[in-house]
Amino acid sequence: MSAVGAAANGAGADVRHGRRILIIWVIANVILVPIVIWVVGPHIPPYHASRQSTEQHNVNVVLTALATPVLLMIWVYFGYSIAVFRQRGAEVVDGPPLEGDPRIQITWLVATTAIVLALAVYGTVGLLGSSNGAGGGQGPTPLAKPANAAGALQVQVIGQQWMWTFRWPGYGGVETPYLVLPVNREVEFHVTSIDVAHSFWAYELGVKADAIPGNDNVAFVKPTQVRSFQIRCAELCGLWHGHMNTTGRVVRQAAFNTWIAQARVRYRGVTKQLPPYSHVYYPVPDQRAS
Amino acid sequence: MSASAAPVVPEPEDPRLVAANLVVGARLFASAMAFVFMSFVFAFFYLKAVDSNGMWRPAHVSPPQGYGIAILICILAAAAAFELARRGLASGTGSVSMLALALGLSVAVVVLQLIEYLAGVDFGADGGGYASVFYGWTAMFLAFWLGAVYSVETLLATSMRSAREAQAAGTTIETLRPSADATMVYLYSCAGIAVVTWVLLYLIK
Amino acid sequence: MSTIESTPTTTPTKAPTFREQLVGFHLIWGVVLAAVGYFVCHWLGTKVGGHIDSQSATDQDDLAVFFGFLGATLGWLIGLGFFNYPLSRMLGRPASLVEGEEYGVWRYFRLCTDHKVVAIQYFVAVLFFFGVGGLNAMLIRGELTSDNATFIPAGNYLTLVSLHGTMMLMMMSAGVLGPLGNYLVPLMIGARRMAFPRVESLTLWLTVLAGFVLISAIFLGGFPTGWTGYVPLSVEARAGMDAYLFSFALIGISLCLVGLNIIATVMTMRAPGMYWNRIPVFVWGMLTTSILAVLAAPVLFAALYMAALDRTVETTFFLASNGGSPFLWDNLFWFFGHPEVYILALPGFGIVLEILPVFARKPLWGYRVAVAGMFGVALLSFMVWQHHLFVSGINANLRPFYMFTTELISIPTGIIFLIGMGTLWRARIRFTVPMLFALAFFFNFLIGGLSGVYLSDVPSDVTTHGSYFVMAHFHYTIMGGLVFATIGGFYYWLPKITGYKLDETLGKIHFWMMFIFFNLTFFPLFAAGLLGMPRRVSNYNPSLHALNVFVSISAWCLGLSLLGLLANIVWTQLLVREPAGPNPWLSKSLEWQLPSPVPAYNFERIPVINSAPYSYGIPDAPPVADFGKPAVLPGGPAITPEGGVI
């Protein structure tokens with residue numbers, strides 16, 4: 001077989017296989033991407049208990065919808081190769097000596113770079129936009145704050161081995177063992193710890209902020225549904241890390257006002273004994289001898 | 001893999017290959033060492049910036065400047081003496097006396113550092129962030145410096161033995177030079193790190 | 001005259017007797033002196049600790065434990081004979097490159113400078129410790145069949161979790177560098193030895209010691225922090241924590257030295273004609289991994305050292321109330337930790353890209369691009385570490401940057417997929433067991449990599465951080481990626497190492513069981529994480545009970561499938577022992593042109609290399625190397641193919 005003939009055969013075969021793979025991939029996408037977005041998508045956690053969890057949910061759906069064509073491309077290609085490019089029989093035959101094609105490589109690089117840049121922009125916009133940090137802890141000087149941050153309800157979340165305590169600076173600095181939040185109101189969590197590292201994870205609300213001693217970790221959330229939510233510790237903190245769970249509730253503003261007023265009354269004896277409200281708490285004496 | 005078969009004996013090792021190995025290995029080790037101390041540099045600047053609870057460097061915590069200067073000078077002098085020794089080796093003139101001087105200075109560094117810990121420093125390891133970095137960093141440096149002492153001593157001993165044997169056999173010395181080059185890389189790196197250590201721990205604090 | 005002794009200058013006429021061997025320096029003395037060293041130095045530590053409040057006024061004895069471990073390390077190394085050479089050098093005796101290479105089975109139980117022996121020692125050690133870690137995993141999954149702490153008390157459960165993670169990370173970091181890197185790198189570049197043979201043996205024996213020190217944590221009360229050792233918990237924990245800190249530090253040293261050795265070897269010891277563009281892609285994988293190991297492991301060492309100081313002499317690197325910061329640990333650990341996971345991933349890339357051409361019977365498609373991709377991964381891996389800290393309270397300005405760099409790293413990773421796909425294009429694939437594992441690598445790593453994109457996106461990460469989603473992600477990339485590739489590599493290269501092939505049928509059964517049960521075990525964990533299950537807990541939401549039971553059963557079946565690998569090894573290597581011949585896979589790579597098993601000193605003559613080892617499909621391709629040409633004159637310089645002198 002002449003070299004020209006071989007090359008022509010090769011080029012023809014390339015186009016043939018390439019077209020087939022492309023067609024299979026397109027059909028698979030046409031079928032699966034809508035299923036992913038509209039059938040599977042709504043079931044991807046987290047759900048819609050807060051603006052932040054809604055943002056996360058949307059991001060997850062978008063990422064899954066983007067991942068589907070990528071996944072399918074690799075699966076279709078490998079599946080086709082395994083089915084078609086196999087050696088049948090015991091004889092060992094070499095394939096064509098193809099060592100690379102700069103056009104394909106450059107196209108791939110450009111395409112993957114474009115996708116990555118788009119994702120980075122999308123993620124940044126999602127993070128800094130209306131979700132105000134998407135429920136994640138932003139440290140002491142948050143970048144993405146809600147427009148009316150001054151009016152947000154301040155709640156300090158104090159983690160310790162192995163329970164959560166919630167302190168309310170706007171209500172006399174009372175500490176409660178339960179978290180109750182008013183619906184449709186901006187909430188500003190200040191998460192800290194008084195011993196080891198914990199992580200405050202209000203699952204349905206889509207809030208997660210590490211509780212680090214000596215650090216004031218701020219996270220914003222706006223609950224949009226009246227419901228209860230799980231609070232778990234998401235950073236290994238010792239023996240009963242798995243038991244550091246409690247249940248929080250989102251209630252109407254009026255119910256919240258009643259609850260916090262009752263708490264102030266019930267715990268007023270304890271509140272008098274507490275140290276003054278501060279963003280971080282150090283043990284006393286807080287100066288080491290040397 | 002039989003128990004009694006002797007291995008096939010190949011050609012002898014090319015000394016230039018060994019020399020190349022030593023120099024490449026020394027440079028790689030110096031890079032690794034640089035990253036160890038980069039961690040301390042990071043710790044220094046990070047803890048200083050955070051100044052958690054105001055306890056980065058309480059008022060009474062201050063390093064003994066005299067010891068700092070003395071140790072730094074000994075380190076630099078040891079490196080300089082070793083450089084002279086290495087040049088003597090390369091040019092074929094004697095190197096034993098310079099190597100001995102380098103060894104003496106290296107040991108002096110160790111002694112001075114230990115005395116500084118026991119008698120020179122007037123704050124404990126629990127005296128705040130700076131104190132922690134001070135003790136941690138200097139102790140780690142001391143451990144790496146002991147490696148330098150070992151290298152210099154080995155070269156001195158090999159040099160002395162080779163000098164005697166060369167005089168007896170009338171042959172040239174072949175592998176001292178690459179070992180000296182490798183040790184020079186190590187010493188220069190230690191010296192560079194020592195300068196950074198002194199600037200951060202004793203000057204900037 | 002101070003030349004290098006590289007060979008035994010006299011060949012003894014008879015083998016040493018058992019008693020003569022027993023008296024020498026070997027593993028038995030290592031163990032004995034390690035025990036002696038531990039107890040002597042532990043006692044010394046209690047004396048020194050008497051001057052430190054935290055040690056004398058409480059029942060904490062961390063200083064004594066650390067002293068003990070240091071003593072054990074010294075005793076171990078002395079017993080194995082690692083101090084003989086440095087001491088002889090300090091007395092001025094000449095340098096040498098050969099030690100302990102003579103005779104039989106004892107070589108495998110002491111310091112031996114033959115890189116092939118060290119590789120086999122590594123192989124056994126890694127398999128053993130992988131088994132220990134795997135056993136821990138089986139117990140963990142056993143506990144997780146109930147939604148609260150039932151069979152295993154809380155403290156022991158945490159120790160199990162911590163041991164599993166730490167053992168796996170420690171051992172698999174050198175899981176390819178050790179066995180396959182040490183064995184194959186000299187063979188693939190046409191060298192007789194590694195650059196620093198004694199250091200090579202040292203890295204192995206430090207790894208073995210580290211594994212046992214880590215296991216000793218069980219006897220010191222266990223440790224509760226997981227493999228990440230977060231402060232302040234790790235500073236406050238009981239003495240088992242010291243075992244973690246010390247063993248991980250030993251591994252850090254070992255990893256750094258393994259990398260150093262491999263880089264030096266590849267840089268200086270390539271055969272004539274082995275230009276940089278002819279090096280097998282597996283060696284490039286080892287090289288890029290080694291760069292990460294040399295630079296990242298020291299940072300781990302520094303961090304562990306700081307934690308040890310905090311636990312003993314009362315420094316406060318990590319104590320916020322006294323000038324320290326828990327974020328210091330986070331940053332130092334993850335500055336190491338992220339390159340660490342690429343130390344795990346890159347060898348996998350190297351293995352599969354090396355295997356694919358052999359069984360596709362085509363050249364590697366895009367050799368230079370593949371190498372560029374590996375370097376891209378290595379370089380970027382130093383710039384992404386804060387993605388482990390997105391919700392930890394780091395400065396919020398940093399998060400978009402690290403999100404960007406983390407997503408960027410998927411580009412060079414994608415290149416590996418492109419090269420794999422290109423190599424399969426119009427290939428003639430033979431589905432041997434190594435090829436099956438290589439293909440499964442692409443399947444698993446794709447899922448692992450895509451899940452990484454979710455984690456890199458900060459809003460999505462808010463829910464998935466610290467949950468089982470992360471667990472599924474890294475098990476898919478590390479186990480589905482690296483472990484599958486490594487097992488494929490074992491199936492591929494074991495015939496070269498021992499001379500006996502593994503059984504294809506048993507291998508295929510093992511593969512399919514492993515592949516199916518691996519995916520059944522770990523894919524549901526993505527759901528568990530998204531549904532709110534945190535990591536490292538034995539107490540979870542009862543609604544996830546059925547899912548966890550399903551995963552546990554799959555995990556046990558996965559463990560059973562790995563027993564299949566063990567059975568295959570025992571059956572073919574110890575019982576049946578059917579010779580494989582020099583090149584059962586018909587590979588064009590240099591190591592396959594040698595007899596199996598490879599003889600001592602590898603090559604009778606250093607070969608002159610003609611081409612890269614991927615000349616499949618080229619009808620008149622010359623052989624990869626010319627073994628007949630006397631490229632190296634005895635005692636003289638090496639000669640290039642053109643007749644020049646190197």
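**Exercise 1.** State which residues form the nonpolar surface patch of chain C in this predicted model, and which helices supply them.

Step 1. List the members. They are Leu506(C), Ile509(C), Leu560(C), Leu563(C), Leu566(C), Val570(C), Trp571(C), Leu574(C), Leu575(C) and Val576(C). Together they have about 930 Å² of accessible area.

Step 2. Assign helices. H20 (504-530) and H21 (545-576) of chain C each supply at least two residues of the patch. H21(C) gives the largest share, with 8 residues.

Step 3. Check one member. Leu506(C) is found in helix H20 of chain C. Its relative accessible area is 30%. Partly exposed covers values between under 20% (buried) and over 50% (exposed), so Leu506(C) is partly exposed.

**Exercise 2.** Classify the packing of helices H15 and H16 of chain C: parallel or antiparallel?

Step 1. Take the geometry. H15 (residues 398-408) and H16 (residues 410-424) of chain C pack at an angle of about 10°. Their axes are 5 Å apart.

Step 2. Apply the cut-off. Angles under 35 degrees count as roughly parallel. H15(C) is therefore roughly parallel to H16(C).

Step 3. Locate the contact. Thr406(C), Glu407(C) and Leu408(C) of H15(C) meet Ser410(C), Ile411(C) and Pro412(C) of H16(C).

**Exercise 3.** Describe the make-up of chain B: elements, burial, contacts and surface.

Step 1. Count elements. Chain B has 5 helices and 0 strands. From the N terminus the order is α-α-α-α-α.

Step 2. Of the 205 residues in chain B, 54% are buried.

Step 3. Read the contacts. Among chain B contacts with a separation of 6 or more, 83% join residues 24 or more positions apart.

Step 4. Finish with the surface. Chain B exposes about 8400 Å², and carbon and sulfur atoms supply 69% of it.

Definitions and conventions:
Residues numbered from 1 in each chain as written. Chains lettered and ligands numbered in written order. Predicted model: local features only at pLDDT ≥ 70, side-chain atom pairs only at ≥ 80, totals over all residues. Heavy atoms only, no water. Patch = residues over 30% accessible without salt bridge, like charges linked within 9 Å, V, L, I, M, F, W, Y side chains within 5 Å. Areas by Shrake-Rupley, 256 points an atom, 1.4 Å probe, with all protein chains shown as cover. Salt bridge = Lys/Arg side-chain N within 4 Å of Asp/Glu carboxyl O. Helix = DSSP H or I, 4+ residues; strand = E, 2+ residues; numbered from the N terminus. Buried < 20%, exposed > 50% of the residue type's maximum accessible area, 1.4 Å probe, protein only. Axes fitted to C-alpha atoms, helices over the stretch in contact; angles between N-to-C directions. Parallel < 35°, antiparallel > 145°, perpendicular 65-115°, else oblique. Contact = heavy atoms within 4.5 Å.
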